[in-house]
Amino acid sequence: MNRDYFQQKSKDYEKDKNRVDNVENIANAIKQNIEFNKSMHIIDFGSGTGLLLEKIAPLVGKITAIDVSKSMNIELASKSEYLGCELEILEMDLSESKLEKKFDGIISSMTMHHIKDITTMFLNFYEMLNENGFISIADLDLEDGSFHTEDTGVFHFGFERKEFLNFAKAAGFKNLKIMSASVAQKPQGEYPIFLLIGHK
Ligand SMILES: C[S@@+](CC[C@H](N)C(=O)[O-])C[C@H]1O[C@@H](n2cnc3c(N)ncnc32)[C@H](O)[C@@H]1O
């Protein structure tokens with residue numbers, strides 16, 4: 001089965017200024033809430049073309065970018081020498097397998113709505129983190145289904161914030177907070193985006 005739902009979009013993904021601005025807002029919110037340092041090795045889950053990780057890269061030592069899409073990974077790979085940190089790209093479906101290695105944090109933007117089983121994903125995130133490791137995950141607030149105009153493997157029309165936070169709580173995460181991070185602008189409307197922060 002072809003899991004590369006972004007095959008047709010990857011080349012033009014960053015030509016959409018509203019998309020680029022949205023991820024920049026998310027990156028700024030993450031930077032305001034997480035103290036990064038150059039000894040950190042973090043994951044960007046659903047890294048895509050690297051819009052989020054390129055903003056965080058100068059602040060950390062290494063990023064493991066995980067994405068199931070070959071075409072998005074090719075776009076990201078073309079940026080690797082300019083990022084300002086070491087980059088590893090893993091082409092894998094993180095909802096089906098996890099990594100044994102432990103990381104200092106997980107960042108993610110606009111990916112969780114593509115994941116069917118949120119409970120299991122948060123449990124996997126917890127297991128993949130060092131003690132005190134962080135999650136910093138941004139995604140859509142509940143929407144009416146109009147955000148996606150084509151099938152990109154969507155399982156959730158956004159999330160209700162309290163419910164999303166409770167998935168993380170159930171997995172064991174502490175010091176959880178959820179806040180507004182951005183508003184995604186589309187021709188068909190405006191879509192608020194939240195950021196969830198928590199620690200192992
Ligand atoms: C909407 S894009 C977001 C890309 C990037 N984070 C950004 O904000 O621009 C979602 C990305 O998640 C990836 N993805 C979806 N489900 C995944 C899974 N189960 N494992 C790994 N990557 C996944 C897709 O291939 C896609 O590149």
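This is a predicted model: local features need pLDDT of at least 70, side-chain atom pairs count only at pLDDT 80 or more; totals for chains, interfaces and linings use all residues.
Which residue in β4 does Ile42 stand opposite? Ile42 stands opposite Gly105.

Residues are numbered from 1 along each chain as its sequence is written.

Start with the overall layout. The chain has five helices and seven strands. Both are DSSP runs, numbered from the N terminus: helices are H or I and at least four residues, strands are E and at least two. In sequence order the pattern reads α-β-α-β-α-β-β-α-β-α-β-β. The C-alpha trace spans about 40 × 40 × 35 Å along its principal axes.

Burial comes next. A residue is buried if 20 or more other C-beta atoms lie within 10 Å of its own, exposed if 12 or fewer, and partly exposed in between, with C-beta atoms placed from the backbone. Buried residues make up 40% of the 200 residues in the chain. Contacts tell of the fold as well. Two residues are in contact if their C-beta atoms, placed from the backbone, lie within 7 Å. Among contacts between residues at least 6 apart in sequence, 68% join residues at least 24 apart.

Now the sheet. Seven strands form an open sheet in the order β3-β2-β1-β4-β5-β7-β6, with mixed pairing. β3 (86–90) and β6 (174–186) stand at the edges, each with a single partner strand, so one side of each has no neighbour in the sheet. From one strand to the next, the twist averages 15°. Pairing here requires that DSSP finds at least two bridges between two strands.

Four of its five residues are buried, so β1 is largely enclosed by the rest of the structure. β1 runs parallel to β2 (residues 62–66), and five bridges join the two. Asp44 has Ala65 as its bridge partner in β2. β1 also pairs with β4 in the parallel sense, over four bridges.

β5 (residues 129–140) and β7 (residues 189–199) pair antiparallel over seven bridges. Two pairs can be picked out: Ile135 has Gly198 as its bridge partner in β7, and Ile137 stands opposite Leu196. β6 and β7 are antiparallel too, over ten bridges. There, Lys177 stands opposite Ile197 in β7. A hairpin joins β6 to β7 through two residues. Helix α5 (residues 161–171) lies across β5, β6 and β7, and runs at about 140° to β6. For such angles, axes are lines fitted to C-alpha atoms, for helices over the stretch in contact, and angles run from 0 to 180 degrees between N-to-C directions.

Met110 has a positive phi of about 60° although it is not a glycine. Met110 lies in the loop between β4 and α4 (118–127). Met110 has 22 other C-beta atoms within 10 Å, so it is buried. Asn132, in strand β5, has a positive phi of about 70° and is not a glycine either. Asn132 is exposed, with 11 other C-beta atoms within 10 Å.

Two loop residues follow. Ser80 lies between α3 (70–77) and β3. With 16 other C-beta atoms within 10 Å, Ser80 is partly exposed. Asp93 sits in the loop between β3 and β4 (103–109). Asp93 has 12 C-beta neighbours inside 10 Å, so it counts as exposed.

Last, the ligand. Of the 20 residues around the ligand, Gly46, Gly48, Ser69, Ser109 and His114 come nearest. Near means that the C-beta atom of a residue, placed from the backbone, lies within 6 Å. By class, this shell has ten nonpolar, eight polar and two charged residues. Ala, Val, Leu, Ile, Met, Phe, Trp, Tyr, Cys and Pro count as nonpolar, Asp, Glu, Lys and Arg as charged, and the others, Gly among them, as polar.
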